[in-house]
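I opened my notebook to look up a few things in this structure. Come along and check each entry against the picture.

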Amino acid sequence: MWLVMAGLLLAAQVPADNFVVVDNGRAVATVLLASDRTDVEKLARDELVRFIERASGVRLQTVNVSAAGQPMIELVSTGAPTPSAEYSILVTRDKLRIEGNCPVGLLFGVYDFCLLYTSDAADE
């Protein structure tokens with residue numbers, strides 16, 4: 001699904017049955033953000049963890065190094081701040097990757113993922 005919103009580009013495919021974040025009150029996924037990130041990128045990580053904890057009652061662990069075999073929410077910013085913040089959300093069976101073209105793009109991607117997550121939960 002492709003959505004264009006107020007100058008932001010979102011490529012989102014979030015099939016709820018393919019990637020599990022929390023299952024039966026326990027964390028399944030871990031949040032990955034490299035250790036040398038900006039304050040905005042750290043805010044994106046913290047907002048994602050806070051949202052999932054409020055929605056599920058489970059606080060996700062955050063790491064700065066990927067662990068083999070562990071389902072991972074990977075937060076990536078690929079560049080310096082730009083006038084146009086863009087992001088994509090990619091989901092596979094073992095990874096959910098939110099990637100921004102800049103730190104603000106990553107933050108917007110996290111917020112939109114949280115909105116999508118809420119709407120999926122509300123539809124059930």
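**Notebook: fold, core and surface**

I began with the order of elements: from the N terminus on, they run β-β-β-β-β-α-β-β-β-β-α. I counted 2 helices and 9 strands, where helices (H or I, at least four residues) and strands (E, at least two) are DSSP runs numbered from the N terminus.

I noted that this is a predicted model, where local features need pLDDT of at least 70, side-chain atom pairs count only at pLDDT 80 or more, and totals for chains, interfaces and linings use all residues. Residues are numbered from 1 along each chain as its sequence is written, and side-chain values use heavy atoms, with hydrogens and water left out.

**Entry: the whole protein**

I found that 37% of the 124 residues count as buried. Buried means under 20% relative accessible area, exposed over 50%, and partly exposed in between (1.4 Å probe, protein chains only). The protein exposes about 7100 Å², and carbon and sulfur atoms supply 53% of it; accessible areas come from the Shrake-Rupley method with a 1.4 Å probe, and for residues only the protein chains shown count as cover.

**Entry: the core**

Which residues touch the most other members of the largest nonpolar core? I looked them up: Leu48, Ile73, Leu75, Ile98 and Val110, out of 23 residues. The elements giving two or more residues to this core are α1 (39-56), β7, β8 (87-91), β9 (95-100) and α2 (103-123). A nonpolar core is a set of buried Ala, Val, Leu, Ile, Met, Phe, Trp, Tyr and Cys residues joined through side-chain atoms within 4.5 Å. In soluble globular proteins, nonpolar side chains tend to be buried together.

I then followed Val110, which touches Ala44, Leu48, Leu75 and Ile98, not counting residues up to four places away in sequence. Contact means heavy atoms within 4.5 Å.

**Entry: Ser77**

I found Ser77 in strand β7 (residues 72-77). Is Ser77 buried or exposed? Ser77 counts as buried because its relative accessible area is 12%. Its side chain makes a polar contact with the side chain of Glu41 (3.2 Å). A polar contact is a pair of N or O atoms within 3.5 Å; within protein, one must be able to donate a hydrogen and the other to accept it, and residues adjacent in sequence count only if both atoms are side-chain atoms.

**Entry: Tyr111**

My last stop was Tyr111, in helix α2. I wrote down that Tyr111 is partly exposed, because its relative accessible area is 34%.
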